[in-house]
Amino acid sequence: LFKAAVPKREHEALVSLDKEHVICNHIKWAEKDKAYVLRLYEAEKTACNLTLEFPDFVKRVEAVNMLEENGSALKLRDGKVALAMKAFEIKTIKAYL
């Protein structure tokens, strides 16, 4: 639906994570907004502080519920977002284009 809005750049990820034990197991287009949704989970029973790095076409990032509602703004600075994860926690993140 919004494929034309995402610049075609070879080998650029939609997100990168700095912790190997946090898994991004789902990426999809948002149901209602010009955005994509990530589902993350912590896989090793280890709480951590995680940094997500987004490409420059991402303008705003929110933590949302699994229905992509009730967004809570996350601070996006230089394409990076800091996020605290609890052991085995699942988080849903929405990245706006």
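Among contacts (heavy atoms within 4.5 Å) between residues at least 6 apart in sequence, 66% join residues at least 24 apart. What you see above is a predicted model, in which local features need pLDDT of at least 70 and side-chain atom pairs count only at pLDDT 80 or more, while totals for chains, interfaces and linings use all residues. Residues are numbered from 1 along each chain as its sequence is written, and side-chain values use heavy atoms, with hydrogens and water left out.

Let us start with the overall plan. The protein has eight strands and zero helices; here strands are DSSP runs of E with at least two residues, helices are runs of H or I with at least four, and both are numbered from the N terminus. Read along the sequence, the pattern is β-β-β-β-β-β-β-β. Of the 97 residues, 37% count as buried. Buried means under 20% relative accessible area, exposed means over 50%, and partly exposed lies in between (1.4 Å probe, protein chains only).

Now look inside. Which residues have the most contacts inside the largest nonpolar core? They are Y36, L52, F54, L83 and I93, in a core of 19 residues. Strands β3 (35-42), β4 (48-53), β7 (80-85) and β8 (90-96) are the elements that give two or more residues to this core. A nonpolar core is a set of buried Ala, Val, Leu, Ile, Met, Phe, Trp, Tyr and Cys residues joined through side-chain atoms within 4.5 Å.

Next, find H26 in strand β2 (residues 22-29). H26 is partly exposed, with a relative accessible area of 32%. Beyond its neighbours within four places in sequence, H26 is in contact with V37, L38 and R39. The C-alpha atoms of H26 and Y41 are separated by 9.9 Å, and these two residues are 15 apart along the chain.

Y41 also leads us to the surface, where Y41, M66 and I90 form a nonpolar patch with about 280 Å² of accessible area together. Patches are made of residues with over 30% relative accessible area and no salt bridge, with like charges joined within 9 Å and nonpolar side chains (Val, Leu, Ile, Met, Phe, Trp, Tyr) within 5 Å. M66 sits in the loop between β5 (60-64) and β6 (72-74).

Charged pairs come next. The structure holds six salt bridges, each a side-chain nitrogen of Lys or Arg within 4 Å of a carboxyl oxygen of Asp or Glu. One of them joins K28 and E31 at 3.0 Å, N to O; K28 is partly exposed at 23% relative accessible area, whereas E31 is exposed at 60%. K28, E31 and E68 are linked in a network of salt bridges. In another pair, the closest N and O atoms of R60 and E62 are 2.8 Å apart. R60 counts as partly exposed at 39% relative accessibility, while E62 counts as buried at 12%.

Finally, consider the cysteines. C24 is partly exposed at 26% relative accessible area, and C48 counts as buried at 11%. A search of the whole structure finds zero disulfides (pairs of cysteine sulfur atoms within 2.5 Å).

Key:
Areas by Shrake-Rupley, 256 points an atom, 1.4 Å probe, with all protein chains shown as cover.
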